[in-house]
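Please open the model in your viewer and keep the selection tool at hand. The stops below proceed from the annotated region, through the domains, to a pair of packed helices.

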Amino acid sequence: MVTAKVWVLKKHFEGFPKSSDFDLKHIELPNLKDGELLLESVFLSVDPYMRPYSQRNMKEGDIMIGTQVARIVESKNPDFTVGVFVVARSGWRTHFISDGKDLRALPPNWPESLPRSLALGTIGMPGLTAYFGLLEVCKMKSGETVLVNAAAGAVGSVVGQLAKIWGCKVVGCAGSDDKVAYLKKIGFDEAFNYKTVASLDEALRKASPDGYDCFFDNVGGEFTTVAINQMKTYGRIALCGAISQYNDSVPQKGPYVQMPMIFKELQMEGFIVSRWNNRWEEGLNTMLKWVMEGKVKCHEQVTEGFENMPAAFIGMLKGENLGKAVIKV
Ligand SMILES: NC(=O)C1=CN([C@@H]2O[C@H](COP(=O)(O)OP(=O)(O)OC[C@H]3O[C@@H](n4cnc5c(N)ncnc54)[C@H](OP(=O)(O)O)[C@@H]3O)[C@@H](O)[C@H]2O)C=CC1
Ligand SMILES: CCCCCCC/C=C/C=O
C-alpha cells in the first residue's frame, strides 16, 4: 500500500494566495488493477494559470491542478515499463495511479545529461507557449522589434531567445536588476527593471525609439495600456497572460485599447497554448534541439521538497523566480 501526499485547495484565494489556503493530506492508494500503473512525482510545476484556474474551475477541497515529471514505479500495463519518465497532469501529488491515457513520454532522444525538469519549462508547456505564440500569434518576421514582459520567467525568457534566433531585436522588462542582468546575458538587446524606471513610457521609448512590431504580453493591466501606444502601424499583440490581474479582488479598470488599435491598425489576439496540441511534437523537438545546441539557455528556480509547494507557488506569483519555478520532490 502506498500513501500519497497531496495538496488541496482548502479555501478559495482572496487576493494574494496564502499558505493557510492550502491543506496537505495523505491518501492511501489502492492496489493496481490490470491496465494501471503507479507513478511517483519527481518534479512538479507551479504556474501562474493555477491562480485564475482555481477561481474558475475548482471547488474547496479539490486537489490543486498541475503538471509533473513522474517515474513509473509499478506497472500492470504492458505499454508502460517501470523506470520510464513521463509528463503527467495529475495535480499536486507525490504518487498517483493512471491508466496511461493521460501520460506523455519525454521525447525518446532526451539526453541523460539534461535535467528532466526542463520538460515542465523550456522543453514543455511554457517553452511551447513562447514558440507558438511568437510564430502563430505575433507572426514576427526577421528584422522586427519584439517586446516581452515578465521576460525573465519561464515563457518570457524563451520568447526573447527565440525572437533573437529568428532575427529580431528584443526588448525585455523584468522586476529586479538581477533579472535584467540575466536577460542581457542570454542575448536580449535591451532590458530594464520596470519596478525602478521613473517612467515606463520613457523606458520603452528609449529601448526602441521607432516602436514595436510585436508585443508578447504576459502581464496585462497598466503595462499593456502604456505599451500599446508604442506599437508600430500593423503591430501584433499576443495576449498570453495577465499576471498583474490574477490576484485582484476588484477588477482593474481598462485598458482602453480602441484608439491605438484603430489608428495604428493593430491586431490583438488571446491564445492558449493547447490550441497547438497537434503540433506539440514539432515544438518539443525544436526546443530540445536548440537547448542541446546551446542556442536556447535555461534557468530554473528549484524548490526542494513537496511540502514547500505552496511557498514556491506564492513566491513565483511574487516574482521570486528566475526562469522556470519547479519543485524537486
Ligand atoms: N496563454 C497560455 O497558453 C499561457 C500563458 N501563460 C502566461 O504567461 C505568463 C508568464 O508565465 P510563466 O512564464 O509561467 O511565469 P513566470 O516564470 O514568468 O513567473 C511569473 C512572473 O510574473 C511576474 N509578475 C508577477 N506579478 C507581476 C505584476 N503584477 N506585474 C508584472 N509582472 C509580474 C514576475 O516576474 P517579475 O519579477 O518580472 O515581476 C514573476 O516571476 C503568465 O501570465 C501566464 O499566465 C503561461 C503559460 C501558457
Ligand atoms: C499541459 C498543461 C496545459 C496547461 C495550459 C495552461 C494555459 C495557461 C494559460 C494562462 O496562463
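Select residues 15-327 of this predicted model. The selection corresponds to a UniProt annotation, "domain: Enoyl reductase (ER)", taken from an unreviewed entry.

Next, colour the chain by domain. The domain assignment gives domain 1 as 2-121 + 300-328, so that two segments must be selected for it, and domain 2 as 125-273. Taken over C-alpha atoms, the centres of domain 1 and domain 2 are separated by 29 Å. To display the contact between them, show 18 residues from domain 1 and 12 residues from domain 2.

Now turn to two helices: select α2, residues 125-138, and α3, residues 156-165. How far apart are the axes of α2 and α3, and at what angle do the helices pack? The axes are 8 Å apart, and the angle is about 45 degrees. An angle between 35 and 65 degrees counts as oblique, and α2 and α3 are therefore oblique to each other. In the viewer, α2 passes α3 in a right-handed crossing.

Finally, show the side chains at this contact. From α2, select Gly127, Ala130, Tyr131 and Leu134; from α3, select Val158, Val159, Leu162 and Ala163.

Terms used
Residues numbered from 1 in each chain as written. Chains lettered and ligands numbered in written order. Predicted model: local features only at pLDDT ≥ 70, side-chain atom pairs only at ≥ 80, totals over all residues. Heavy atoms only, no water. Axes fitted to C-alpha atoms, helices over the stretch in contact; angles between N-to-C directions. Helix = DSSP H or I, 4+ residues; strand = E, 2+ residues; numbered from the N terminus. Parallel < 35°, antiparallel > 145°, perpendicular 65-115°, else oblique. Left-handed = near helix turned anticlockwise from the far one by under 90°. Contact = heavy atoms within 4.5 Å. UniProt positions renumbered as here; feature names shortened; annotations may be inferred. Domains from an automatic or database assignment.
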